[in-house]
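Here is a short report to read alongside the structure. It looks at how two parts of one chain meet, and then at an annotated span in another chain.

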Amino acid sequence: MSQAVRHLELPEQQLPLEFADYHESIKVTGFWIFLTTDLVLFACLFATFAVMRYDFANGPTPIHLFHMGPLILETALLLTSSFTCSLAIYQSRAQNKTGVLSWLILTILLGIGFVGTEVHEFISYVGLGATWHKSGFLSAFFTLVGTHGSHVTFGIFWALTLVVQLVKRGITPRTSRKLYTFALYWHFLDIVWVFIFSFVYLVSMTGGKMA
Amino acid sequence: MADRLYPSHGTGAMNQVELVENEDSIEISSLAPHFAVHKFPWRQVFGYVASLVLTAMAFILVINHVLPVSALVSVVIALAVLQAAVQLGVFMHLRESRGMAWQILVLGLGGFIALCVVAGSIWIMMFKSGVA
Amino acid sequence: MPKRQSTRWPYRWIPLAVIVSSLLSGCGQHYTILHPAGPVGQTELNLLVLASIAMAIVIIPVWILLAVVLVRFRDNPRHKGTYIPKWQRSKFFEVMLFVVPLIIVAVIAVPTVQKTYALDTLPRQKDPLIIHVTSLDWKWMFQYPVQHIATVNYIKIPAGVPVLFKLTADSPMNTFWVPQLGGMEYTMPGEVLPLWLEANKPGVYMGRSGQFSGRGFVHMVFKVDAVPRTAFNQWVHQVKTTAPSMSVAKYHALAHFGYAGAESFSSYPAGTFPTTSHGFTLTGSSPMVMP
Amino acid sequence: MSQILARLFPPQTRRPDEVVIEIGIVLSMLFLVYMLTRLKKWGWLWREWLTSVDHKKIGIMYLVSALLMLFRGGVDALMIRSQLALPNNHLLPVGQYDELFTTHGTIMIFFMAMPFLFALFNVAIPLMIGARDVAFPRLNAISFWLFAAGAILFNISFVVGGSPNAGWTAYPPLTELRFNPGVGENYYLVSLLIAGIGTTITGINFMTTILRMRAPGMTLMRMPMFVWTVLVTGALIVFAFPPLTIALLLTLLDRLFGSSFFTLGHGGMPMQFVNLFWLFGHPEVYIVVLPAFGIFSEVVPVFSDKKLFGYPAMVGSVLAITLLSYVVWVHHFFTMGAGPSVNAFFGVSTMLIAIPTGVKIFNWVLTMWGGRIRFTVAMLWQLAFIPAFLVAGATGVLLATVPVDYQMHNSYFLIAHFHLALIGGTVFGVLSGMYYWWPKMFGFMLNERQGKWAFWIFVSGFFVTFVPQYMLGFEGMTRRMYTYPAGLGWGPLNMVSTIGAFVQGLGFLVLVYNVLWSMRYGERDLTGDPWNGRTLEWSLPSPAPSYNFAVIPAVTHRDEWWEMKQSGKARAYKVKSSAIRPIHMPKRSAMPFFLGVSFFVVGFGMVFSWWVITIIGALGVIASLLFSAFDYNDSEEIDPEDVRRSEASLGRLEI
């Protein structure tokens, strides 16, 4: 055991705050497990979309609805926000509070831009008569993409509470852990979006059948 | 019993903080390099550029429609998987942990199940009966 | 302690007595699954018997072993077993415990896979009779697409001829089940599932639904009347000439909640058999047309 | 106003028996309020229980709820069996029978079996791994209160608005508005969604606890088997509950917001619900049965006075079962005709599960071999489990044989199979665990003699009930049949089965009597180790102090406590005064309770589509979340002096 103690003393001081504190590090593990439940949750929505993707019931089809413009904009916004969010973590590890706050606020703004574009896109679909009542395909589409969108929306509010906490308390083991878990969540949503634009939009736009 | 504790570092001053498992301590020392802070966030910039390039490739392939459909779909999905790997490895600090990196195991299992769910559902719903 | 020993017997013997007495009465005709009247049901019964025997080979020795252990090693000065508190490993047992079950599972699994594929194929040498089955709330509607007649809550089929049922629903899900002829399959809206059955000998077989579908579920019963080929042809002719025809209005009345007796129709409106958008093909025919 | 009343109390909640039950509920609530006021216990209830985040207390609250739900589900079962005792019976109105089998199944699975197991997780796991609480104590309380909100919401359905009536599996399109316009299905969907969130959190919580909070030296291969099974159960929950959430959510969207997932027409695909439901449903079977396996793996060595046989094989088989359980879900709908390749694959994968399960059963028997078996009540439940589960498992293999399943699907053979598995596995398991850990929970023993009476009565009733149901399956009787005609010959076996069900009911009453009697006269457990236990929880006094371990033990062996006793260190296992440091413990909080209440309000509003109520509840949820985001004052330190005093009063302090 004394062996182990010796190993431990040195690196712990080098650990980032969120890992240096034993309790906070446990919460990071817990949050990873939560993310896997969310992963399976999205997998179920993807599966639902996959099996219902041809159930148009005489309603509009992807070719009628999807356009590259909003899709590229949404993707660019979310990918960039993922980058800014990772910079916030970088600054948090450098103990630079102003840096954290500015990158975090930029992340929030990009997130708002994403949600705004998506809402606009949905409204335009409804304007074309593509409500989710219309067909199984549209129900599955709106639910999958909408669930992602509401996750992003929740993330924006979460980030806002983090801004307040960081301003108030600075970079402590607890705030840095909260920031770190938020970043995990945000990057995870980015991954989900990558699969949405690949599986849902791009593959549907090829007009071909998925294997 | 006191010899099994190690002095706290003033991070949380919690009693439990001081108690760590064997494996933990060994793992931490091996993981320490991953936590290192660089002068400039090169990793993050690399990740951003890589994700932009991968995304652009997918979009360009679809817009230009150069490949046959089935190949196109597989390429798009492969690009998405690559992109996910970049996000996980670069942005999400997948290998960072205190002690054993349980999240890799859990995430791997989750990925396996997600694959079962999607591929399994598609397979089941094909209704390939042989009564013919 | 010995006193308590004696109280264990009731619990050992009661189920056994029930099993034995029930098995004895199992020769009775009530046990429809044990008295199949067609090749599908017979195949399924054969597999059931095989699997039961294989399982009995596992269960009975373990029961006996458990009883022996409990008698030998009970905490009692007179018990016979030696106390070996540290015995926790045995290479032999650990290997055998994986290998033996694996063999037993293989014995069941191989014929299971074979028969699963076999029962999914119609016997090639015979021409099947095709019946379109639609489950409604709470009645069964049968349409003979070749003969172009329809019935409700009963069918007549020729004995010795495979019958291909194409199952769908214009209602919540049900299963189409004639226990003596063979297993069940779901009827689902928006999906057409095939199931083939055959009656070896003429007779009346009861069919029912195995999937709860609402308050009238227990009324989802129908009669399968297997008759010789000639009698079947006569019956078709008789229905064609004497029965009323089914109008669209009549179909909608049938589809509405409620019960019905046995009915026959000399014709039915085209396209009442809902089809699927999945491009599902049956018996090599082209995909069915959308209604 | 009258319209609102008509929605709240539609005709089906005005049947004579329901009215009697309603009056009973109101009276007992009033009595409870009166007693609490008279005994001045409101403050105690609030401080010690409703706001507690102590895992031991949360465990007890789960236990009490589970026993209440066992009673409710059991009464449902007895009413079902009474209706089926005779052919052409019309004891119950047709609609009520449908509601009863739905609530019976739902309650027994979601509101009895799972909380009962969570009770034992909570009570035993932190003590077994040498931790002071779970990883997320406040989330643990939230889990409980979400479960409670879901359970209460589900249970008021038969008084207010009408119960669900489409079976616990709730296959659409029967659950869609067109076929099921009442609020019953909303109750089912909303309450399971709320309870499901709580369950998911529990899964995450216990996985994290076990992965990260084991005492030093407790490597994975030194963990007690129960801890192993809870770890993989956590993983099963984490991966199995999302499909359920999605299945329920999509149905709810169909019903409340007009989407077209599982509707008849509009491109709806009811199949996908079935697929998602069983993606959850099959792992769920292992969620409720694996912890029971774990309990047996604790009980058998203790009462055989012997090490667990083949520990590595046990761990391996648990892991194998876990992985396999994700690739077998289609065996619940072979008859959906997904094609021979699909069916063959899932049939064989199902059969493979029999192998690790068989390994476990053999290992228990071999653990007893060469032991000194004490027939305590906890052990008896285990001994009854082995024959019952063998039959259940064997008939499970028959059902996995695809062509056989085409005949047996949804028949009484299936009913008998899963009741043998779930009662013989889960219920026997949790009862065994309850008798085993009872002294650790409450500090007194349950009377063994009465416990044995309860055991023998219940078990004989159990076999008499379910063995005839196998026969009924061969006779072609299908599940959920309200009644049956006389000519089919199903009468006698149904009668036998009903008699057995009432015998089980009697067994349950004896068990309750046993608990109540022991609360008053039960023997105190002063040693903390009444069974001569093997794992760390028995090294603590009964009940354990709020901080569990004054000093966290260092573990050097599997069966650590047993080894200490063997090497004579246990006598000296006292706490060194100097080793006691300040202990950091979570503070009690009203937030979880408030969150549970808010979710209840949200749920109630959604059931009736009364959106104002939903919004009020949602505001409560948001307030709770914001509160916990900004609340940094959630833990407190226990003074070492207090710990010393409390340990000294337990006679465990060494100066």
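Domain bounds, as used here, come from an automatic or database domain assignment. Please keep in mind that this is a predicted model.

**Two domains in chain C**

In chain C, the assignment gives domain 1 as 32–77 + 85–118, and domain 2 as 129–269. Taken over C-alpha atoms, the centres of domain 1 of chain C and domain 2 of chain C are separated by 39 Å.

How do the two domains meet? The table collects the values for the interface of domain 1 and domain 2 of chain C.

| Item (domain 1 and domain 2 of chain C) | Value |
|---|---|
| Area buried between the domains | about 870 Å² |
| Share of that area from carbon and sulfur atoms | 58% |
| Salt bridges | 0 salt bridges |
| Residue pairs in polar contact | 5 residue pairs |

Which three residues supply 53% of the area that domain 1 of chain C buries against domain 2 of chain C? They are Ala37(C), Pro39(C) and Val40(C), and this is more than any other three residues supply. By class, the side of domain 1 of chain C that touches domain 2 of chain C has 5 nonpolar, 4 polar and 1 charged residues.

**An annotated span in chain D**

Turning to chain D, UniProt lists residues 38–556 as "domain: Cytochrome oxidase subunit I profile", in an unreviewed entry. That span of chain D is 69% helix and 0% strand, and its end C-alpha atoms lie 52 Å apart.

Methods
Residues numbered from 1 in each chain as written. Chains lettered and ligands numbered in written order. Predicted model: local features only at pLDDT ≥ 70, side-chain atom pairs only at ≥ 80, totals over all residues. Heavy atoms only, no water. UniProt positions renumbered as here; feature names shortened; annotations may be inferred. Helix = DSSP H or I, 4+ residues; strand = E, 2+ residues; numbered from the N terminus. Contact = heavy atoms within 4.5 Å. Buried area = accessible area lost by both parts, 1.4 Å probe. Salt bridge = Lys/Arg side-chain N within 4 Å of Asp/Glu carboxyl O. Polar contact = N/O pair within 3.5 Å; in protein donor to acceptor, adjacent residues only side chain to side chain. Nonpolar A, V, L, I, M, F, W, Y, C, P; charged D, E, K, R; others polar.
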